[in-house]
Amino acid sequence: LMFVKIYSAYDSKSDKEDNSPSTNIESFEFLGCSGSYSDELGTRVWRTESKDKTKFLIKHQEACGNNIGSNPRAFIDGTTIELDYELSNDTGFLVFCECEYWATFELKSKPENIKKIRVNGINAQMMSDLSEPKQNE
């Protein structure tokens, strides 16, 4: 598992509630590929909270060969949160297989009543811990 710190500390220019993607994110970390993707559950997200921030650990599938995660975005719309980032590489080549990629998003706020999570446009399974899917309400 490769750890690469790509992005941290977007600055908010205002104390007002702002749902633009740049003001929602406190930090983003692309953790890299942990090997071939073989998960029947698909894209998964784990959520943890601290005093006034929320962190999401995401696991998803993409083409092998990416080693850069950049341009993170987080959109909150009612009970749905969309976490997006761009994958690329510095070689110009992708391998014809699917890899399991990991990344974390830390938000500046604690979004309430999130019932649906999407990662890079794909519906994700919200997990209650590192092994069991959370039952959707």
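Trainee: How many salt bridges does a search of the whole structure find?
Mentor: This is a predicted model, in which local features need pLDDT of at least 70, side-chain atom pairs count only at pLDDT 80 or more, and totals for chains, interfaces and linings use all residues. Residues are numbered from 1 along each chain as its sequence is written, and side-chain values use heavy atoms, with hydrogens and water left out. A salt bridge is a side-chain nitrogen of Lys or Arg within 4 Å of a carboxyl oxygen of Asp or Glu. The number found in the whole structure is 5.

Trainee: Glu26 and Lys53 form one of these. How many residues apart are they?
Mentor: Their side chains meet at 3.8 Å, N to O. Glu26 is in strand S2 (residues 25-36) and Lys53 in the loop between S3 and S4, a link between distant parts of the chain; strands are DSSP runs (E, at least two residues), numbered from the N terminus.

Trainee: Which residue forms a salt bridge with Glu100?
Mentor: The closest N and O atoms of the pair are 3.2 Å apart, and the partner of Glu100 is Lys59. Glu100 lies in strand S7 (residues 95-107) and its partner in strand S4, so the pair ties together parts 41 residues apart in sequence. Glu100 is buried at 13% relative accessible area, where buried means under 20%, exposed over 50% and partly exposed in between (1.4 Å probe, protein chains only). Also buried, at 6%, is Lys59.

Trainee: Which residue in S4 stands opposite Val45?
Mentor: Strands S3 (residues 44-49) and S4 (residues 54-64) pair in the antiparallel sense over 6 bridges; two strands pair if DSSP finds at least two bridges between them. A hairpin of 4 residues joins S3 to S4. In this pairing, Val45 faces Ile58.

Trainee: Is the disulfide of Cys64 and Cys97 left-handed or right-handed, and why?
Mentor: A disulfide is a pair of cysteine sulfur atoms within 2.5 Å, and those of Cys64 and Cys97 are 2.3 Å apart. Cys64 lies in strand S4 and Cys97 in strand S7, so the pair ties together parts that are 33 residues apart in sequence. Because the torsion about the S-S bond is about -125°, the disulfide is left-handed.

Trainee: Which other cysteine does a disulfide join to Cys64?
Mentor: The structure holds 2 disulfides. In the one asked about, the S to S distance is 2.2 Å, and the link is right-handed with 105° about the S-S bond. The cysteine joined to Cys64 is Cys99.

Trainee: Which cysteine sulfur is nearest to Cys33?
Mentor: Cys99 counts as buried at 8% relative accessibility. Cys33 is in no disulfide, and at 25% relative accessibility Cys33 counts as partly exposed. The nearest cysteine sulfur, 3.3 Å away, is that of Cys99.
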